[in-house]
Amino acid sequence: MSIDLESLSEATSGAVGALLSTTILYPLDTCKTKYQAEAQAQSQRKYRNITDVLWEAISTRQVLSLYQGLGTKNLQSFISQFIYFYGYSYFKRLYLEKSGSKSLGTKANLIVAAAAGACTAIVIQPLDTASSRMQTSEFGKSKGLWETFSGCSWSELFDGLGISLLLTSNPSIQYTVFDQLKQRLLNSNRSKYSESAPEALSAFNAFVLGAVSKSVATCLTYPAIRIKVMIQASDSEDETTRTQSKAPKTVTKVLHSIWKREGLLGFFKGLQAQILKTVLGSALLLMIKEKISRGTWVLILAIRRYLLASRSLLKTA
């Protein structure tokens, strides 16, 4: 069985990009997640805005707790992006081979991206739930990965899977917008500079296109994003908070809770923080991926040639 080297290269560069961008922006992600997970009327809120979360960490001397769950989040990001980029590249190649087309249309791109996203969501859902619980735990009281796993049933580890599958539309929209904008930009460059046009985007162009594509996807899917965070949120706050704001575990109850306590605007609570985090994270990921993709391809080819040469030597020995 032959290995699809192009898909492997895409997956590896995407996973490395996710790892670096997640680490850089993790404190912002923790603040955003804790802010989103709180479901209270405005007069009863512990956090009025995302900076209140940061100030709590500083005032309680728990700044390092902004990194609680970083290892789990990095593992989740690496695995999810590897699976996603490998699946996206593989399904894209498969579609082009079967259809005989030279490029994906918008509809086909959405289907391919959704298929890759669905595979990713199912595989990494337990890690997603664990990282959300670790981030929303009280500062300084977060459990480790295995403790979090051992404290949950299998059904609890897959809390929010339905929403996660629904949210496959987010990367589908994002990468479709990004890919279409990228192709238009590269085609424009080729028409201006003929064969001397670069095959990859510059770091600046990749950053801008990543930001634009992720902004569009985030705005369209944000209510589902917040519902998912509330379903997966930790229940390990102090007893008073637990009895007042324990997050319901079904979509229906979460919808009712948000509507009753916060009204229509509650479905968009934390949207600015979500856009800031996801846009920066996505833009950094795609920028890093574009810059290391050539190096990754060369490295994979070198490893393949080395393995083939070693196999030939063993056969002749």
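The points below take up several helices, some loop residues, a surface patch and the salt bridges.

1. Basis of the note. This is a predicted model, in which local features need pLDDT of at least 70 and side-chain atom pairs count only at pLDDT 80 or more, while totals for chains, interfaces and linings use all residues. Residues are numbered from 1 along each chain as its sequence is written, and side-chain values use heavy atoms, with hydrogens and water left out.

2. Helix 12, its span and its end. Helices are DSSP runs of H or I with at least four residues, numbered from the N terminus. Helix 12, residues 251–262, has 12 residues and reaches 16 Å from its first C-alpha to its last, close to the 16 Å expected at 1.5 Å a residue; the expected span is 1.5 Å times one less than the number of residues. Gly-263 follows helix 12 and has a positive phi, near 75°.

3. Buried is used here for under 20% relative accessible area, exposed for over 50% and partly exposed for what lies in between, with a 1.4 Å probe and protein chains only. In helix 12 the buried residues are Val-254, Ser-257, Ile-258 and Glu-262. They lie on the same side of helix 12 because they cover an arc of only 95° around the axis, the arc being that of the directions from the helix axis to the C-beta atoms. These buried residues pack against helix 10 (203–232), where contact means heavy atoms within 4.5 Å. On the face turned away from the buried side, helix 12 carries the exposed residues Thr-252, Lys-253, His-256, Trp-259 and Lys-260.

4. Thr-250. This residue lies in the loop between helix 11 (239–245) and helix 12, and its relative accessibility of 35% makes it count as partly exposed. Thr-250 and Met-230 are 20 residues apart in sequence, and their C-alpha atoms are 9.5 Å apart in space.

5. Glu-38. The loop between helix 2 (26–37) and helix 3 (50–59) holds Glu-38, which counts as buried at 11% relative accessibility. With neighbours within four places in sequence left aside, Glu-38 is in contact with Arg-45, Lys-46, Tyr-47, Arg-226, Glu-262 and Lys-269. Glu-262, named in that list, is also one of the buried residues of helix 12.

6. Helix 3. Asp-52, Val-53, Glu-56 and Ala-57 are the buried residues of helix 3. Seen down the axis they fall within an arc of 140°, so they line one face of the helix. Helix 2 is included in what covers them. After helix 3 comes Arg-61, with a positive phi near 55°.

7. In one of them the side chains of Lys-46 and Glu-56 meet at 3.1 Å, N to O. Lys-46 lies in the loop between helix 2 and helix 3 and Glu-56 in helix 3, so this pair ties together parts that are 10 residues apart in sequence. Lys-46 is partly exposed, with a relative accessible area of 43%, whereas Glu-56 is buried at 18%. Asp-52 forms a salt bridge with Arg-48, the closest N and O atoms being 3.4 Å apart; here Asp-52 is buried at 16% and Arg-48 is exposed at 64%.

8. Asp-29 and Lys-277. These two residues form a salt bridge whose closest N and O atoms are 3.9 Å apart. The pair links distant parts of the chain, with Asp-29 in helix 2 and Lys-277 in helix 13 (residues 271–316), 248 residues apart. Asp-29 is buried, with a relative accessible area of 4%. A network of salt bridges links Asp-29, Lys-32, Lys-73 and Lys-277.

9. Lys-143. The loop between helix 5 (106–136) and helix 6 (145–150) is the place of Lys-143, which counts as partly exposed at 48% relative accessibility. Leaving aside its neighbours within four places in sequence, Lys-143 is in contact with Met-134 and Thr-148.

Terms used: Helices (H or I, at least four residues) and strands (E, at least two) are DSSP runs, numbered from the N terminus. A salt bridge is a side-chain nitrogen of Lys or Arg within 4 Å of a carboxyl oxygen of Asp or Glu.
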